[in-house]
Amino acid sequence: MSQAVRVLDIDDHRFAVEIRDGDLTTHHQVLVPDSLLHDLVIPGIDRDRLVTEAVKYLLERAAALPAEVDLVEVEQADPRFLEELRVRLGGRPVQPEI
């Protein structure tokens, strides 16, 4: 079944996320620190869309999400995370620094 993701701003860095999967609805908070936005290298990024795509990415890899998700921790644990977000958000790939 397809999952619906709804994002609501709490403040500049925290978002409330509601995930509906059939009759089941779960609620989460997602933290998006400025350091993650800097690492993405996508000017003028829509934070709601970033959170939506990040949650969809995580749901593709896990059946459920914890109540609180820090995207910097996801970035540190999953080396593919940032590049996948760039692709989903229409950004250009970033060459590794030498």
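The largest nonpolar core has 28 residues; such a core is a set of buried Ala, Val, Leu, Ile, Met, Phe, Trp, Tyr and Cys residues joined through side-chain atoms within 4.5 Å. Buried here denotes under 20% relative accessible area, exposed over 50%, and partly exposed in between, with a 1.4 Å probe and protein chains only. The residues with the most contacts inside this core are Val-32, Leu-50, Val-51, Val-55 and Leu-71. Two or more residues each are given to the core by β1 (4–9), β2 (14–21), α1 (34–40), α2, α3 (71–77) and α4, and the largest share, seven residues, comes from α2. Helices (H or I, at least four residues) and strands (E, at least two) are DSSP runs, numbered from the N terminus. In soluble globular proteins, nonpolar side chains tend to be buried together.

The model is predicted: local features need pLDDT of at least 70, side-chain atom pairs count only at pLDDT 80 or more, and totals for chains, interfaces and linings use all residues. Residues are numbered from 1 along each chain as its sequence is written, and side-chain values use heavy atoms, with hydrogens and water left out.

Residues up to four places away in sequence aside, Val-51 touches Val-7, Phe-15, Val-17, Val-30 and Val-32, where contact means heavy atoms within 4.5 Å.

Four strands form an open sheet of mixed pairing in the order β1-β2-β3-β4; two strands pair if DSSP finds at least two bridges between them. Because β1 and β4 (68–70) stand at the edges with a single partner strand each, one side of each is left without a neighbour in the sheet. Strand β3 (residues 24–31) runs parallel to β4 and is joined to it by three bridges; Gln-29 stands opposite Glu-68 in β4. Helix α2 lies across β1, β2, β3 and β4, running at about 140 degrees to β1. Axes are lines fitted to C-alpha atoms, for helices over the stretch in contact, and angles run from 0 to 180 degrees between N-to-C directions.

There is one aromatic pair, in which Tyr-57 and Phe-81 are tilted, at 5.4 Å centre to centre and 55 degrees between the planes. Rings of Phe, Tyr and Trp (its six-membered ring) pair if their centres lie within 6.5 Å; planes under 30 degrees apart count as stacked, over 60 as edge-to-face and the rest as tilted. The two partners are 24 residues apart, and both are buried.

| Residue | Helix | Helix residues |
|---|---|---|
| Tyr-57 | α2 | residues 47–61 |
| Phe-81 | α4 | residues 81–88 |

Val-41, in the loop between α1 and α2, counts as exposed at 52% relative accessibility.
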